Every structure is written in C-alpha cells, then in structure tokens.
Amino acid sequence: MKKKNWIRIGLPVGLLLLSVVVRAQREGRTQRVQRERSVRANLDTVVKTGFYRIVLPPAFVARCRPDLSDLRIFKPGGEQVPYVLRTGIGDSLNAGWLSLPDPLVRRQDSSNKHSYYRLQYDNAYRIERLSLVISNPVLYKRTVRITAVEDSADAGIADADAANDGPVVCVSIDPNDTAFRIPAIKARTLLIDIANGDNAPLVITRVASAQSGICILTWLQSFTGNGYELEAGENWSSPPDYDLHYFTDSLRRRPFDIGLKSIQVDSTPVLGSAAVKPASPGAGKDGEIRANRRSGLLLWGVVIFILLLLLYVSVKLARAVSQKEKNDRL
C-alpha cells in the first residue's frame, strides 16, 4: 500500500518539477533575447568639464525604441547622467541629414495600374527623408503612397495587408522633385505604391534614405579612468525626467562635441542597467554558461527520474498482470 501511495505521489511531483524547469528555461531564453536587443557605446574621453553634444549615429538609433525613451547615460559607477534629447531638424544643434544604408529595392507591377516597390533595410532605421533615383521615363508626374509594413520573409512585394503603421505619407513626384521628407518612422521595410494610370511604370534604380541628426545635450565631468557609457534597448518603464532641460535653452556658448566609440550589442547585462545587480563571483559570460549547465543538468535529472519511475511502474504492472494470468490458469 505504501508503494502504491509513493508511486501516486512521486509521478505527479516529477511531472510538476519537469514543468517548472522547462518554464524556467523558457523564461531564461526570453530574458536573453531581450538582452540581445540592448545596445551600448562608450563615449570618447571627456577632456574638459562642461556641456556636450552627442550626435546619435543611425546604427545606434536603429536599436532604440521609436520614441528614444530608453536612452540612458551612465557614469562608471552606474549612476545616471541627466540629458536633453533634441530631435528637431530646425534645431540649431541638429547635425543635419545623416545618410542611411541603401535598401534593397524590389518591384512588382500590378494589373490595377499600380507599381509596388518594397524597400528592405538591413536594420530598423529611423527614416525621415527619401530620395528616389528614377531612370525612366524622362517625363512623369505620379502620386506616391508610402507605408511601413511588417518585416516578413513570406510577405509578397505588394502585400499591403501587412501594414502595421498605416500610410506614412502621400506625395506627388516629378523630375524636379523626387526627394521629400516623411514623418519619422522606425521600420525595416517600406512599401512604395505608385499610381501609374495609363503610363509606363517608373524605373527606380536607387532609393537614398536619411535620418535627422538628432542629438543629446548633457553635462559631463572630466575624470581619469573609465569614461561614460550610452545605453539603450532595456525595458525601462518610462522615459527619464531630468531637470537639465530647464538650463539648456539659454546656453550662451555652443557645447563641445563628443563622439561614440564602437557600438556593441550584448547578450549580457550592461553596466548601469536598472535591472542589473552588482556583479558576484562567477558573473558574466562564464557565469551564464555555468548557470545554463546547471539548469540543463537539473532538467535531465528530472527527466531521468520520471523515466525510471515510469519504468518501475511498468514493470510492476507487467508482473501483476503475469501473476493474475497465472492464478487464473490455476
């Protein structure tokens, strides 16, 4: 009787342990994927204390939230540094248009007298200006509708049903006007819909894209040792709220410019993240590997335990059936 009770209790407990371990591993993978989206870059050396302007490179902005609310600057000790975000193209501190890598352009002509051009970028850039290079025909005047679409390898060129942001802008183009601004949109894929009427389709050989030279204005102190770090991509609950914006509108002299060192996308927690606790022995990449190994060993231990338990139950049942058949024959 005790053995039967042990089996009845042990099997559900083993299955429960297995589900807990599998769920923990799934949550761990989700956290790692979220961390892989984080991006950071060390600032160049601060040679003099004062106000500095940091122009955000397109490759860095591509890893940020669309509203750039996840930007943070940290001191070496992890303390946040206040900043003011300047995004207006007409701002005196704006760095002008910054070129983006050209997208891959694919075209599909439809029976509805429209041509669809799918622009595929290598990252989800912040796009604010487009310039179409058209080789043919010589004379044209067309209406162009631009839509941001979901990034899907299975979507067709003219799959407008995949639109996730609706129309970005509708413009009219002619040989003297093929460059235009669009509302800032962060996307990896754009769909250009051109109404041809009874005319030949336009031959677009290149699409040049640009991002406004948005920048960060901040107060930095000069010190020796490791410098400041700019970070984005973490799951901050809300944008920062600093007092610094009260003191930047009346600057009497232009701030110093400071650049970023190589941009790094990490799969591990980065310095200054609100979700990161102080490092402990074994932390970092090696610590994560050891933690993954322990999790894997625990999972296999639970699986082996359940298999042995099932094997034990199967043997007991087989013996009981065999004994029952023997008694029936007698």
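1. Ground rules. The model is predicted, so local features need pLDDT of at least 70 and side-chain atom pairs count only at pLDDT 80 or more, while totals for chains, interfaces and linings use all residues. Residues are numbered from 1 along each chain as its sequence is written, and side-chain values use heavy atoms, with hydrogens and water left out.

2. The overall picture. The protein has three helices and 15 strands; these are DSSP runs numbered from the N terminus (helices are H or I, at least four residues; strands are E, at least two). Of its 330 residues, 36% count as buried, where buried means under 20% relative accessible area, exposed over 50%, and partly exposed in between (1.4 Å probe, protein chains only). Among contacts (heavy atoms within 4.5 Å) between residues at least 6 apart in sequence, 84% join residues at least 24 apart.

3. Asp193. This one sits in strand 10, residues 179-195. What Asp193 does have is a side-chain polar contact of 2.7 Å with the side chain of His114. For a polar contact, a pair of N or O atoms must be within 3.5 Å; within protein, one must be able to donate a hydrogen and the other to accept it, and residues adjacent in sequence count only if both atoms are side-chain atoms.

4. Thr189. Strand 10 also holds Thr189, which is buried at a relative accessible area of 0%. Its side chain is joined to that of Gln120 by a polar contact of 3.1 Å.

5. Cys64. Look for Cys64 in the loop between helix 2 (58-61) and strand 3 (72-74). Cys64 counts as buried because its relative accessible area is 4%. Leaving aside neighbours within four places in sequence, Cys64 is in contact with Asp70, Leu71, Lys186 and Ala232.

6. Val315. Helix 3 (residues 285-329) is the place of Val315, a partly exposed residue with a relative accessible area of 33%.
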